[in-house]
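Please consult the sequence and structure shown here.

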Amino acid sequence: MQLVTAGESHGKALVGIIEGLPSNLAIDIEKINKYLALRQSGYGRGARQKIECDKVEIVSGVRNLSTLGSPLCFAVQNKDYQNWKGIMAPEGADITQRTLTKVRPGHADLTGLKKYAHTDARNILERASARETAVRVVAGTIARQYLSELGVQISGYVKGVCGIRDNKVYTFEQLEDAKKSKLFMLDKETEDKAVKLIDELKQNGDTAGGLIEIRVKGLKSGFGSCMSYNQKLDAILCGALMSVQAIKGVEVGLGFGCANLAGNAVHDAIYIKDGKYYRNTNRAGGIEGGMSNGEEIVLTCAMKPIPTLMKGLDTVDYLTGEPAIASTERSDVTAICAAEIILESVTAFTLADVVSKRLGGDNMQEVIERYKLLKD
Ligand code: EPS
């Protein structure tokens, strides 16, 4: 399964093409739009989200809400394009408007300008923008449907915002409540503190990142490989999650914590009852030897603060070479809730790809039958 994304943040539309979906997979457009709306929600977002109301338009690969087995092409329109047409249109655009040369530390601006030989960072930031992730949410929600036919579910929550952290442990079922709260957090007291901090940061023209936990329930053992380094499930998942804008680190299970503990406090003892293997702990986060081990997969992701600060940092003007204050664009204070939805979606798409590589199957019936034959 492969996804190609295209589209500029203020261009006409965002577009995706998924190749490799089996036929006869039910497509739930309402569900896709629900996740697109969730991606736009959450405390700390900026004015852009008041303009956009993301909805998917399927162009090909689906007939009467069922996949055909052909490439699935879809679009999400940018409503803001109406305000940017004169600047962003593929032809006849006035490229002297809304230029950005006071490059923002932490953004793609400076390196992108050098690499692509442009003089206006507009040509870089439009594509580097996290707006692209709307496409990944659409693809991820379709992948979620594929996985749910096999009994695999994905969920998550925001564990921390800018150092304010919830250290409680939750069951998979409890995670569902997160989406009902302002910051997709589960502990009200921690969330209230985080909301207060976001308000303070906004006052100071600053931004925040945070911590997100993603969990996968119901995936049988043996996905990934201990035989080939490039098929290790942890490597594949971490690489995919790190491709999400602003994600700077991913831990599997205990993650960095493993480095500070002795072996008996890190590895999960194995028991057997009625011929069924089980563990009482899941410090490995559901992956051992590069393969799923049948336990929940637990991934904790670190998001950096958004690099567009309303009180810009010191920088250099790319055109003049003079010291400057970084450009300030309209910006979110935090997009941590958006990131939570995006990371769930990217996990879904990545796992669907791993599953389809192992099982093959041209139609959904074949995929389900083959999955049933696997050991737990
Ligand atoms: C983004 C800047 C902001 C964000 C945007 C990502 O957009 P604008 O410059 O239009 O205000 O809101 O995110 C989205 C539009 C989105 O839908 O997530 C950036 O520079 O990365």
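Tyr35, Leu38 and Arg39 of helix H1 meet Ala338, Ile341, Ile342 and Glu344 of helix H9, where contact denotes heavy atoms within 4.5 Å. By class, this contact comprises 5 nonpolar, no polar and 2 charged residues; Ala, Val, Leu, Ile, Met, Phe, Trp, Tyr, Cys and Pro count as nonpolar, Asp, Glu, Lys and Arg as charged, and the others, Gly among them, as polar. The model is predicted: local features need pLDDT of at least 70, side-chain atom pairs count only at pLDDT 80 or more, and totals for chains, interfaces and linings use all residues. Residues are numbered from 1 along each chain as its sequence is written, and side-chain values use heavy atoms, with hydrogens and water left out.

**Helix H1 with helix H9**
- The axes of H1 and H9 come within 7 Å and cross at roughly 140°; axes are lines fitted to C-alpha atoms, for helices over the stretch in contact, and angles run from 0 to 180 degrees between N-to-C directions.
- Helices are DSSP runs (H or I, at least four residues), numbered from the N terminus.

**Helix H1 with helix H6**
- H1 (residues 29-40) packs against H6 (residues 133-148) at about 140°, with the axes 9 Å apart.
- The two helices are therefore oblique to each other, a term for angles that are not under 35 degrees (roughly parallel), over 145 (roughly antiparallel) or 65 to 115 (roughly perpendicular).
- The contact involves Lys31, Ile32, Tyr35, Leu36 and Arg39 of H1, and residues of H6 including Thr133, Val137, Thr141 and Gln145.
- This contact of H1 with H6 has 7 nonpolar, 3 polar and 3 charged residues.

**Helix H6 with helix H9**
- H6 and H9 (residues 336-359) pack at about 50°, their axes being 7 Å apart, which makes H6 oblique to H9.
- Among the H6 residues that meet H9 are Arg136, Gly140 and Tyr146, and their counterparts in H9 include Ile341, Phe349 and Val355.
- This contact of H6 with H9 has 13 nonpolar, 4 polar and 3 charged residues.

**Ligand surroundings**
- A polar side-chain atom of Arg48 lies 2.8 Å from a ligand oxygen atom, a polar contact being a pair of N or O atoms within 3.5 Å.
- A polar backbone atom of Ala130 is 3.1 Å from an oxygen atom of the ligand.
- For Asp332, a polar side-chain atom lies 3.5 Å from an oxygen atom of the ligand.

How values were computed. Polar contact = N/O pair within 3.5 Å; in protein donor to acceptor, adjacent residues only side chain to side chain.
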